Amino acid sequence: MTTTIRYVLTICWLLTSVIAGAQEADLSYARHVVKKLASPGFNGRGYRKDGDKKAAAFIAKAFKKQGVAPLFGDSYYQPFELGANTFPGKLQVSLNDRVLKPGVDFIVWPGSPAVNGQFPVKVIKRSDLYGTVSEALQYVDSTQYLLIDNRKEPGEAKELAAQANAAILHLRNADDLSLPGVILYDNTKLTWSSQTKPSARPVVFVNQPSIDPMTVTSIALNVESVWTPDYETQNVAGIIRGTTTPDSLMVVCAHYDHLGRMGKKNYIPGANDNASGTAFILDLARYYAANPPAYTLVFIAFSGEESGLLGSKAFVKNPPFDLSDIKFLINFDMVGTGEDGMTVVNAPMFPEAFSKLTAINQEKNYLKAVNSRGESCNSDHCPFYEKGVPSFFIYTQGGTAAYHDINDRYETLPFTAFANLKQLIIDFFE
């Protein structure tokens with residue numbers, strides 16, 4: 001081997017080591033952020049026990065430490081109000097004296113009002129609800145909870161499925177029914193969500209194969225819920241002024257809120273959804289604070305996404321700058337995986353930008369795939385896009401399937417493509 005070849009190989013090895021070291025440093029910071037935000041002390045970043053406020057303070061402190069200026073005058077915070085139905089206390093359910101585990105055997109509908117008592121149970125099958133909504137009312141009893149064995153029959157026709165689903169929604173939500181509560185027994189994944197106001201009656205979702213739903217005769221519940229119609233939460237945002245074209249804005253954003261507590265002992269960590277996206281924009285802010293861009297970069301961490309994109313809607317309603325100044329916005333939601341690449345929502349709407357993104361990825365082989373998806377109002381890019389702002393929403397794919405449940409934990413998040421996705425976005429902006 002000649003001296004020249006050895007020299008070239010040594011340089012290549014050194015460059016590879018430097019890149020690997022830089023990526024590991026990025027991951028170290030991102031892991032720290034996700035681990036912190038998904039920890040029990042942040043209470044699922046919901047609206048009881050200051051979960052959202054603790055997360056907002058953490059993000060604002062990170063911006064300040066990095067040298068990112070506040071976006072709202074001398075404040076990083078943009079307050080707004082939302083309704084919040086929360087479960088900070090007791091969350092106990094038993095069927096036939098069989099105690100169920102919250103998040104494992106059952107969840108309550110997040111809009112459920114408080115209830116404490118024992119009730120007899122009337123059991124029906126999903127197939128009993130094939131027909132009109134009016135026909136379903138024959139099963140309503142003012143003294144009994146209605147348990148619906150909601151497991152679908154093999155080959156259920158679309159028309160019959162639509163009839164059953166419509167009847168179930170009516171039984172769950174109709175205010176004028178004298179029905180104390182509904183139990184939905186199913187074999188599908190237990191997935192929680194967020195609600196801004198109480199529903200008409202308690203609804204319990206059960207997935208416990210060892211229980212035969214047809215044998216259930218009673219339910220005992222002790223569910224403490226608190227509805228706050230005007231809870232004040234906040235978006236958190238910072239800005240790095242451009243060095244040559246400060247009037248041109250690029251926006252990167254992610255929501256930091258999640259689903260809060262599921263009773264006194266359980267919370268929904270939300271590591272991938274969306275502590276990962278929050279870590280991503282904080283990591284980008286850290287990079288650009290050390291490498292000031294020519295254009296202005298705005299970093300926004302939204303609250304209220306899980307309640308219906310309420311934080312991004314509040315921002316668009318009262319923006320601190322003209323939305324037409326935004327040249328491009330990228331929203332990051334669930335970017336902690338990446339084994340199967342990533343998907344770009346709104347890709348067909350902005351083909352030139354998507355073409356540049358895919359060209360960079362093909363040249364440098366950052367991610368396994370960059371997939372195209374059309375319009376979808378499923379995250380915080382949407383209120384901006386509806387106002388004419390060029391916008392992408394990016395999420396990674398593969399890895400953990402945990403979503404809106406107690407298993408979306410820091411320990412299960414692989415961070416497979418995190419560092420490469422960051423470099424892809426930096427290259428795209430430049």
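## Reading helix packing, sheet order and burial

A: Helix H2 (residues 51–66) packs with H5 at an angle of about 15 degrees, and their axes lie 9 Å apart. This is a predicted model, where local features need pLDDT of at least 70, side-chain atom pairs count only at pLDDT 80 or more, and totals for chains, interfaces and linings use all residues. Residues are numbered from 1 along each chain as its sequence is written, and side-chain values use heavy atoms, with hydrogens and water left out.

Q: What do the angle and the axis distance describe, and how are H2 and H5 set to each other?
A: Two packed helices are described by the angle between their axes and the distance between the axes. Axes are lines fitted to C-alpha atoms, for helices over the stretch in contact, and angles run from 0 to 180 degrees between N-to-C directions. Angles under 35 degrees count as roughly parallel, over 145 as roughly antiparallel, 65 to 115 as roughly perpendicular, and the rest as oblique. H2 and H5 are therefore roughly parallel to each other. Helices (H or I, at least four residues) and strands (E, at least two) are DSSP runs, numbered from the N terminus.

Q: Which hand does the crossing of H2 and H5 have?
A: A crossing is left-handed if the near helix is turned anticlockwise from the far one by less than a right angle, and right-handed if clockwise. The crossing of H2 and H5 is right-handed.

Q: Which residues of H2 and H5 meet?
A: Contact means heavy atoms within 4.5 Å. From H2 come Phe-58, Ile-59, Ala-62, Phe-63 and Gln-66; from H5 come Thr-278, Leu-282, Ala-285, Arg-286 and Ala-289. The residues of this contact divide into seven nonpolar, two polar and one charged. Here Ala, Val, Leu, Ile, Met, Phe, Trp, Tyr, Cys and Pro count as nonpolar, Asp, Glu, Lys and Arg as charged, and the others, Gly among them, as polar.

Q: At what angle do H5 and H9 pack?
A: Helix H5 (residues 271–290) and helix H9 (residues 418–429) pack at about 50 degrees, with their axes 11 Å apart. That makes H5 oblique to H9. Their crossing is right-handed. Residues of H5 in the contact include Phe-280, Leu-284 and Tyr-287, and those of H9 include Leu-421, Ile-425 and Phe-429. The contact of H5 with H9 holds 10 nonpolar residues, one polar and two charged.

Q: Now the sheet. What is the order of its strands?
A: Strands of a sheet pair through backbone hydrogen bonds, either parallel or antiparallel. Two strands pair if DSSP finds at least two bridges between them. This open sheet of eight strands has the order S4-S3-S10-S6-S7-S8-S9-S5, with mixed pairing. Strands S4 (98–99) and S5 (106–108) stand at the edges, each with a single partner strand, so one side of each is left without a neighbour in the sheet. Helix H4 (residues 158–173) packs on the sheet and touches S7 (145–149), S8 (182–185) and S9 (203–206). The direction of H4 makes about 145 degrees with that of S8.

Q: How many bridges join S6 to S10, and how many join S6 to S7?
A: Six bridges join S6 (residues 115–125) to S10 (residues 218–223), and these two run antiparallel. In S10, Ile-219 is the bridge partner of Phe-119, and Val-223 stands opposite Val-115. S6 and S7 run parallel, joined by five bridges. Val-121 has Tyr-145 in S7 as its bridge partner.

Q: Is Thr-86 buried or exposed?
A: Buried means under 20% relative accessible area, exposed over 50%, partly exposed in between (1.4 Å probe, protein chains only). Thr-86 has a relative accessible area of 10%, so Thr-86 is buried. Its place is in strand S2 (residues 77–86). Beyond neighbours within four places in sequence, Thr-86 contacts Tyr-47, Arg-48, Glu-224, Ser-225 and Val-226.

Q: Where is Phe-321?
A: Phe-321 sits in the loop between helix H6 (310–317) and strand S14 (326–332). At 14% relative accessibility, Phe-321 counts as buried. Phe-321 and Phe-72 are 249 residues apart in sequence and 9.8 Å apart in space, C-alpha to C-alpha. Leaving aside neighbours within four places in sequence, Phe-321 is in contact with Leu-71, Leu-249, Val-298, Phe-315 and Ile-326.

Q: What does Thr-143 count as at 48% relative accessibility?
A: Thr-143 counts as partly exposed. Thr-143 lies in the loop between helix H3 (133–136) and S7. With neighbours within four places in sequence set aside, Thr-143 is in contact with Pro-120 and Pro-180.
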